[in-house]
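Please look over the sequence and the model shown below before reading on.

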Amino acid sequence: MAQSITIPAVLAQRRTVNPMTEAATVVEMHNIRKNFAAVQALRGVDLVLHHNEVLGLVGDNAAGKSTLMKVLSGAYIPDEGEILIEGKKVHMTDPLHARRLGIEMVYQDLALANNLDVTSNVFLGREAVSARLGPFSVLDGRRMEQEAQRLLDRLKIDIPSVRLLVERLSGGQRQAVAIARATAFNSKVIIMDEPTAALSVAAISKVLDLVRELKAQGASIIIISHRLEDIYSVSDRLMVMRQGRKVRDSLVVGDIDEFRERVVAYMIGARDDFAAVVN
Amino acid sequence: MSFKDALKAQLHNIRDYGMYIAFVAIVVFFTIWTHGLFLSARNIGNLVNATSYIAVLAVGMTLVIIIRHIDLSVGFLAGTLGAVAAIALKIYRVPVGVTIPLVLTLGILAGLATAVLVARLKIPAFVATLAGWLFYKGLLQWVTRGTGTVIIENDVFNALGNGFIPDIPDIGILPGVHKVTLLLGLLAIVLFITSEIRNRKKTQAYNFEVLPMNMFIVKLVFVSAVIAAITWVLAGYQGLSWAAAILLIVVLIYSYIASKTIVGRHIYAVGGNPEAAQLNGISVENITFLVFGSMGLLTAVAGMLYASWLRSATTIAGTGMELDAIAAAFVGGAAVSGGVGKVTGSILGALVMASLTNGMNLKGVDLSVQYMVRAGVLAIAVIFDVATRKKAS
């Protein structure tokens with residue numbers, strides 16, 4: 001009996017959103033172009049990220065994936081093209097602006113202050129205060145520690161104490177702190193730049209577990225990685241870039257070998273799904 | 001947990017405690033060697049007055065070092081600002097109530113000028129402040145060219161470096177003891193113990209780790225005993241000197257700002273990883289301006305304390321002060337790589353270095369030997385620092 005009610009409800013919902021995407025979009029980037037002097041780094045790239053989706057972004061060096069993510073995180077201003085966050089057009093001026101819009105970037109070098117503890121890093125630049133006196137506002141240390149601990153617990157991150165200095169943590173734990181920070185303030189999109197680079201095998205699997213945990217909790221994530229097996233194991237959809245263009249955009253399906261072979265063909269230019277739009 | 005185990009668990013804090021232990025060892029050593037002369041009230045008073053201006057500079061220098069810079073210009077800047085104060089008081093008859101804020105303002109402006117070079121024009125602090133060192137050396141000679149050494153006759157100003165805080169009139173109880181100093185010491189102990197206990201309770205309420213009870217009591221007793229001993233010795237002479245009072249106020253304000261406020265947290269963040277701080281919305285430039293501005297302010301305080309202590313401004317005042325302040329900061333645990341250091345550590349560093357000088361002076365140790373001994377202590381402190389930090393990571 002219940003089914004007869006839910007099926008039309010789902011159908012009704014599908015009609016209200018784009019039938020191609022099947023879910024509300026969080027990020028839409030249209031025809032993004034960015035030149036550095038004579039170099040065309042981005043030559044009209046489209047990107048869509050749906051709600052609660054993990055999008056893998058791959059490409060050879062200089063394919064433009066980092067540039068595209070720097071545009072999305074406000075570090076670069078595009079020469080052309082538009083960006084929509086939850087359907088609203090935005091013009092980001094700097095990374096802080098992007099962050100206020102809910103776009104969080106986990107940088108490859110992590111951007112952590114090693115001399116500070118886990119709590120201070122999670123709240124860096126967004127400290128909780130108990131008395132407001134401009135720059136001399138008094139820190140609410142205990143509240144921040146408590147919230148940081150709650151955050152680590154929620155994400156099942158294994159760090160003995162939020163009071164540990166970051167310099168004492170392992171590479172995987174540091175990556176986890178950087179990711180936790182990106183999720184701490186109601187972010188809409190989390191961009192991870194090579195989150196598994198320079199980690200041990202055990203640490204990589206923990207970071208991938210963390211990505212899955214974030215997805216289970218409803219996050220929308222873009223991952224840049226050179227490690228195709230990592231992309232394969234956590235992503236719903238894959239986007240391949242080559243020479244400043246998108247050459248492939250598809251769901252992650254099939255077995256790993258087939259997947260790898262196909263992706264590499266796109267990365268090296270043997271195949272191209274969007275060749276028609278080249279100008 | 002036995003006391004021994006509790007002690008062992010605290011070993012990772014050895015760097016913090018090591019400084020205190022070393023300081024106590026130096027004090028005990030010189031007290032025995034000088035048959036108690038070192039710990040006499042008169043000597044402690046002299047020691048504190050002679051340390052105060054270096055310690056004030058060291059506080060500012062600690063923050064500069066934390067954000068990965070250095071300031072070589074503060075010695076001659078202090079000398080110059082002291083001369084400006086002396087000339088204003090003596091030649092232009094400016095009231096002392098105007099002279100002091102005027103010199104403090106000039107100090108801040110000088111610090112901000114350094115910050116323009118370092119933060120805005122991106123000149124390495126070492127080079128920028130080396131230029132400052134030359135400039136203020138010249139400026140000091142220039143402003144004192146017409147006058148030579150200026151003798152300061154203003155009693156209020158001279159009290160800063162030589163005077164003592166007032167006492168309530170003798171009422172028959174404890175004759176010859178400075179009662180206001182005793183009361184302040186008592187107040188300090190009460191405030192320390194209550195704030196420690198309240199802090200511990202709150203931290204426990206949040207289920208965070210605290211010191212084991214026996215260690216906690218040892219800490220309370222030790223610190224209280226040290227405050228009580230210092231208070232008693234000072235009260236037995238003429239009480240707390242103005243210089244010591246000023247130093248205490250500077251230390252309290254600065255350690256509070258460094259450890260408890262947003263700007264303090266951001267100073268450490270900029271020192272630890274400037275790129276990360278910037279990415280997280282902290283303006284490295286603003287922090288640099290603030291830190292050098294505060295360095296200028298404290299340089300003005302130090303310059304006036306020094307001029308007041310000598311009751312004069314000379315053409316060579318401030319020579320080498322910057323290096324003493326830098327040494328104090330490094331002995332106190334600041335790291336050249338930035339991001340690490342404590343206001344209280346630097347004060348302790350200044351006290352250690354000054355105690356060595358003072359103790360050796362009392363025994364008439366040759367000056368050349370004194371320099372070498374201080375060199376050894378500086379080297380050992382930094383070696384110890386590097387070794388404990390390497391172990392930790």
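Arg68(B) is partly exposed, because 17 other C-beta atoms lie within 10 Å of its own; a residue counts as buried with 20 or more other C-beta atoms within 10 Å, as exposed with 12 or fewer, and as partly exposed in between, the C-beta atoms being placed from the backbone. This is a predicted model, in which local features need pLDDT of at least 70 and side-chain atom pairs count only at pLDDT 80 or more, while totals for chains, interfaces and linings use all residues. Residues are numbered from 1 along each chain as its sequence is written, and chains are lettered from A and ligands numbered from 1 in the order in which they are written.

Arg68(B) sits in the loop between helix 3 and helix 4 (74-90) of chain B, where helices (H or I, at least four residues) and strands (E, at least two) are DSSP runs numbered from the N terminus. Most residues other than glycine have a negative phi. Arg68(B), although not a glycine, has a positive phi of about 70 degrees. His35(B), also not a glycine, has a positive phi of about 50 degrees, and this residue lies in the loop between helix 2 (14-33) and helix 3 (41-66) of chain B. His35(B) counts as exposed because it has 8 C-beta neighbours inside 10 Å.

| Residue | Phi | C-beta atoms within 10 Å |
|---|---|---|
| His35(B) | about 50 degrees | 8 |
| Arg68(B) | about 70 degrees | 17 |

Chain B is divided into domain 1 (3-162 + 241-392) and domain 2 (164-237), with bounds that come from an automatic or database domain assignment. The centres of these two domains of chain B, taken over C-alpha atoms, are separated by 25 Å. In chain B, 11 residues of domain 1 are in contact with 9 residues of domain 2, a contact being two residues whose C-beta atoms, placed from the backbone, lie within 7 Å. On the side of domain 1 of chain B that touches domain 2 of chain B, helix 1 (3-9), helix 3 and helix 10 (242-260) of chain B each supply at least two residues, and the largest share, 4 residues, comes from helix 3 of chain B.

Chain A has 9 helices and 12 strands. Of the 279 residues of chain A, 42% count as buried, and the C-alpha atoms of chain A fill a box of roughly 65 × 60 × 40 Å along the principal axes.
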